[in-house]
Amino acid sequence: MRAEAVVKALLEAYPGVTAIVSTRIQPAPLPETLPLPAIALRHITTVDLPTIDAQSYGLARTRMEVTAVTKSYPVQKQLLEQVKLALQYQRGTIAGYEVVSIVRENVGPDLRDDDKMIFSQSVDFVLTLKEV
């Protein structure tokens with residue numbers, strides 16, 4: 001839950017994101033009744049990084065998927081740009097956790113559900129956090 005809390009806190013604190021989705025930032029999958037646009041968060045993996053010795057602090061690298069779900073393609077792109085600005089290269093104490101770095105890793109394909117007129121795209125961010 002550390003990485004999830006960090007990502008959610010940064011997105012909720014960034015005016016460019018909240019101007020588009022308000023408070024609709026939730027774990028995936030999003031409920032079908034949730035008004036759009038919204039952001040779905042999904043934890044993908046966490047890997048413990050090797051340490052020098054037992055006395056040093058540990059690091060964990062977590063991949064988080066952030067998915068923009070909207071009713072139009074331009075809003076999807078605008079939202080993902082704001083997500084990138086909110087998360088990319090952040091570090092320090094965030095949501096009570098020590099963040100070493102956040103970097104964008106992968107940008108997924110544009111998806112479209114023609115029946116529901118829903119546009120979505122996911123972006124993976126890799127967070128490196130200090131373990132306590």
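The stops that follow lead from the whole chain to single residues.

This is a predicted model, in which local features need pLDDT of at least 70 and side-chain atom pairs count only at pLDDT 80 or more, while totals for chains, interfaces and linings use all residues. Residues are numbered from 1 along each chain as its sequence is written, and side-chain values use heavy atoms, with hydrogens and water left out.

**The whole chain.** Helices (H or I, at least four residues) and strands (E, at least two) are DSSP runs, numbered from the N terminus. Along the principal axes, the C-alpha atoms fill a box of roughly 55 × 25 × 25 Å. Buried residues, meaning those under 20% relative accessible area with a 1.4 Å probe and protein chains only, make up 38% of the 132 residues.

**Helix H1.** Next, select residues 2–13, the twelve residues of H1. From first C-alpha to last, H1 reaches 17 Å, close to the 16 Å expected at 1.5 Å a residue, where the expected span is 1.5 Å times one less than the number of residues. Show the side chains of Ala3, Glu4, Val6, Val7, Leu10 and Leu11, which are buried. Viewed down the axis of H1, the buried residues fall within an arc of 165° (directions from the helix axis to the C-beta atoms), so they line one face of the helix.

**The core.** Which residues touch the most other members of the largest nonpolar core? Select Leu11, Val17, Ile39, Val66, Val83, Leu87 and Leu127 out of its 26 residues. Such a core is a set of buried Ala, Val, Leu, Ile, Met, Phe, Trp, Tyr and Cys residues joined through side-chain atoms within 4.5 Å. Apart from this core lies another, of five residues, including Leu34 and Val69.

**Strand S3.** Move to residues 58–70, strand S3. Ten of its 13 residues are buried, so S3 is largely enclosed by the rest of the structure. Thr46 stands opposite Thr62 of S3, and Arg61 has Thr128 in S7 as its bridge partner.

**Gln76.** Finally, select Gln76 in helix H3. Is Gln76 buried or exposed? At 0% relative accessibility, Gln76 counts as buried. Beyond its neighbours within four places in sequence, Gln76 has contacts (heavy atoms within 4.5 Å) that include Ala68, Asp110 and Phe119.

Definitions and conventions:
Buried means under 20% relative accessible area, exposed over 50%, partly exposed in between (1.4 Å probe, protein chains only). Two strands pair if DSSP finds at least two bridges between them.
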